Amino acid sequence: MKVLVTGSLGFIGSHLTDALIELGYEVVGLDGLKTGSSIENVNTKATYEIIDLFDKEMVLKCFQKYQFDQIFHLAAESHVDRSIQNAQPFIDSNITGTYNLYEAVKLTQDLSKLKVLLFSTDELMGQLTVGSFKEEDLCQPKNLYSMTKQAQEAIARSYFFSNNIQTITSRCSNIYGPRQFTEKFLPTIITSIQQQKPIPIYGSGNQVREWSFVKDAVNAAIFVIENGNANEVYHIGSGIEKPNIDVVKFVLGEMKASEDLISYVQDRLGHDVRYSLCVDKVNKMGWKHKVSFEEGFKHTIEWYQENERY
Ligand SMILES: NC(=O)c1ccc[n+]([C@@H]2O[C@H](COP(=O)([O-])OP(=O)(O)OC[C@H]3O[C@@H](n4cnc5c(N)ncnc54)[C@H](O)[C@@H]3O)[C@@H](O)[C@H]2O)c1
């Protein structure tokens with residue numbers, strides 16, 4: 001099985017690459033060495049194409065070299081705060097980059113056997129205070145990052161209807177684990193504690209997020225591309241919901257650090273108060289989240305302690 005993973009040198013893409021190699025797949029990783037990537041994430045059994053998806057000509061040339069059975073599309077700019085400061089890289093990588101990818105697929109691949117999985121996010125649904133979002137609920141993104149993820153889903157859907165590309169979408173909740181770039185919430189908490197620096201918490205810290213361990217999210221992506229139907233969306237979550245402040249206090253406790261490091265800062269505009277995904281659809285198909293909050297967080301904290309220079 002020949003598989004392409006875009007964003008393969010980033011956090012989730014590198015874990016996915018490792019998992020696919022372990023399954024015996026032949027993996028080509030495509031990455032533009034942008035934010036979140038690290039050369040330390042290379043898997044020596046994979047082949048890499050260092051290409052910016054924004055570069056349409058290079059993307060097409062790359063695709064002309066291969067015939068893939070599966071494509072996992074993860075490459076994206078993914079930090080909400082940065083998208084609010086400057087959305088341009090998000091438009092270029094997430095929207096134009098995704099268009100360039102599907103266009104190259106259309107022009108070069110044998111569409112009778114190819115399946116594409118778009119790795120999307122719960123954030124594009126917008127916030128909700130009670131209950132959980134179902135796949136068919138209205139998407140109401142409230143920041144530029146989420147808007148570009150919704151645009152990616154629209155691009156995928158259009159290529160399904162217009163060109164018969166068999167493309168499936170997995171929408172995941174907040175993912176954490178080893179190798180996550182330090183701009184994200186959990187690595188920020190851990191590295192702030194390591195450096196005895198204030199841990200910035202937006203507003204009251206009561207924003208609720210649903211936490212999924214990276215290995216669960218990766219297994220779900222592999223499960224969904226194998227078992228899902230084209231043009232359908234699959235929600236991937238854990239049911240583990242925590243207010244941000246509780247997450248910070250848990251990590252402080254595990255690292256035996258003082259709560260004096262907590263530093264409340266002004267909340268950002270449009271900050272969603274809660275995300276939650278209904279995962280009945282994948283559960284009924286046979287996929288279940290496995291890693292508990294305590295197990296996943298302890299493992300991640302230990303990893304950052306052993307890899308301080310990361
Ligand atoms: N981390 C989460 O909690 C989460 C949750 C749901 C969905 N997602 C989605 O998962 C995907 C991966 O997220 P991550 O957390 O691993 O991010 P990451 O920043 O760690 O990795 C992103 C990778 O994509 C590459 N990339 C970005 N733009 C590119 C471009 N134009 N051309 C080629 N490569 C490019 C980067 O170099 C990097 O290696 C994203 O699509 C994100 O929206 C993430």
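Biologist: Which residues does the domain assignment of the protein chain give to domain 1 and which to domain 2? Take me through domain 1 in particular, please.

Modeller: A word on the model before the details. This is a predicted model, where local features need pLDDT of at least 70 and side-chain atom pairs count only at pLDDT 80 or more, while totals for chains, interfaces and linings use all residues. Residues are numbered from 1 along each chain as its sequence is written.

Domain 1 is 2-175 + 212-236, and domain 2 is 177-209 + 240-306; these bounds come from an automatic or database domain assignment. Seven strands make an open sheet, ordered 3-2-1-4-5-6-10, with parallel pairing. (Strands are DSSP runs of E, at least two residues, and helices are runs of H or I, at least four residues, numbered from the N terminus; two strands pair if DSSP finds at least two bridges between them.) Strand 3 (47-50) and strand 10 (233-236) are the edges: each has a single partner strand, so one side of each has no neighbour in the sheet. On average, neighbouring strands are turned by 20° against each other, direction ignored. Axes here are lines fitted to C-alpha atoms, for helices over the stretch in contact, and angles run from 0 to 180 degrees between N-to-C directions.

Zooming in, strand 1 (residues 2-6) and strand 2 (residues 26-31) run parallel and are joined by five bridges, with V3 having V27 as its bridge partner in strand 2. Helix 7 (residues 214-227) packs on this sheet, touching strand 4 (70-73), strand 5 (115-121), strand 6 (167-172) and strand 10, and its direction makes about 155° with that of strand 6. Contact means that C-beta atoms, placed from the backbone, lie within 7 Å.

The C-alpha centres of the two domains lie 23 Å apart.

Last, a helix pair. The axes of helix 4 (residues 88-108) and helix 5 (residues 144-163) come within 9 Å and cross at roughly 15°, which makes helix 4 roughly parallel to helix 5 (angles under 35 degrees count as roughly parallel).

Definitions and conventions:
Two residues are in contact if their C-beta atoms, placed from the backbone, lie within 7 Å. Angles under 35 degrees count as roughly parallel, over 145 as roughly antiparallel, 65 to 115 as roughly perpendicular and the rest as oblique.
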